[in-house]
Amino acid sequence: MNNERTRNTAKLAKMAMLVAISIVLVMIIHFPIFPMVAFLEYDPADIPILIGTFAFGPAAGVLLTVVTSVLQGITVSAGSGAYGIIMHILSTTTLTLVSGTIYRRHKTKKMAVVGLICGTIAMTIDPVSVMDFRRSVQRKADQEMVFRQELGPFFVDTQSIGLERIENMYAGFA
């Protein structure tokens, strides 16, 4: 009984350290992949989650994902709100479940790489990720509509000079 309790406490402490490392990594390193699409950011927060998934199993990976996403959403990425927390949980859960399940069956380096590739593919085609991309495209279209309304008779065709140039021109007047 005491030995099992010690193992569970050690496992919980290791998982807490992985969550802490994940949060610190996001605080230190995160930047947009494409400047035009600011919500697509690179952050290494999933690396400790994947390490925990491979070490403790897919269920632990999901738990690490939920705790990390909530803490990250409250502290570091507070601007994304509840929607960002939910999207992060769903997409990273897809990655951890697929990667962890494949690795759990055959614990070799080759299967870890196969699991990561399959998890990345699953996360990419995950319907939730597609919905998030569609939402960002709609947001960009809404921004263009606002520019058209604000510029009124001075409207310049955004297709000919690009929306970014209009945003820069408009920012100069503000």
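Guide: What follows is a look at helix 5 and then at the parts around it.

The model is a predicted one. Its protein chain has eight helices and two strands, and from the N terminus on the elements run α-β-β-α-α-α-α-α-α-α. Helix 5 covers residues 109-125.

Start with its length. Helix 5 has 17 residues, and at 1.5 Å a residue they should span 24 Å. The expected span is 1.5 Å times one less than the number of residues.

Next, consider which residues of helix 5 are covered. Ala112, Gly115, Gly119 and Ala122 are its buried residues. Viewed down the axis of helix 5, the buried residues lie within an arc of 95 degrees, and therefore they line one face. The general rule behind such a pattern is that an α-helix has 3.6 residues a turn, so residues three or four places apart point the same way. On the other side of helix 5, Lys109, Lys110, Thr124 and Ile125 are exposed.

What do the buried residues of helix 5 pack against? They pack against helix 2 and helix 4.

Phe54 belongs to helix 2 (residues 46-56) and Tyr103 to helix 4 (residues 81-105), and the pair links parts of the chain that are 49 residues apart. The ring centres of Phe54 and Tyr103 are 4.6 Å apart, with 45 degrees between the planes, and the pair is tilted. Buried means under 20% relative accessible area. Phe54 has 19%, so it is buried, and Tyr103 is buried because its value is 17%.

The structure holds two aromatic pairs. In the other, the rings of Phe31 and Tyr42 have centres 5.6 Å apart and planes at 45 degrees, so this pair is tilted. Phe31 is in strand 1 (residues 31-34) and Tyr42 is in strand 2 (residues 37-42), eleven residues apart. Phe31 is partly exposed, at 45% relative accessibility, and Tyr42 is partly exposed at 37%.

Finally, some figures for the whole chain. Buried residues make up 30% of its 174 residues. Of the contacts between residues at least 6 apart in sequence, 57% join residues at least 24 apart. The chain exposes about 11,300 Å², and carbon and sulfur atoms supply 68% of that area.

Methods:
Residues are numbered from 1 along each chain as its sequence is written. This is a predicted model: local features need pLDDT of at least 70, side-chain atom pairs count only at pLDDT 80 or more; totals for chains, interfaces and linings use all residues. Side-chain values use heavy atoms; hydrogens and water are left out. Rings of Phe, Tyr and Trp (its six-membered ring) pair if their centres lie within 6.5 Å; planes under 30 degrees apart count as stacked, over 60 as edge-to-face and the rest as tilted. Helices (H or I, at least four residues) and strands (E, at least two) are DSSP runs, numbered from the N terminus. Buried means under 20% relative accessible area, exposed over 50%, partly exposed in between (1.4 Å probe, protein chains only). The arc is that of the directions from the helix axis to the C-beta atoms. Contact means heavy atoms within 4.5 Å. Accessible areas come from the Shrake-Rupley method with a 1.4 Å probe; for residues, only the protein chains shown count as cover.
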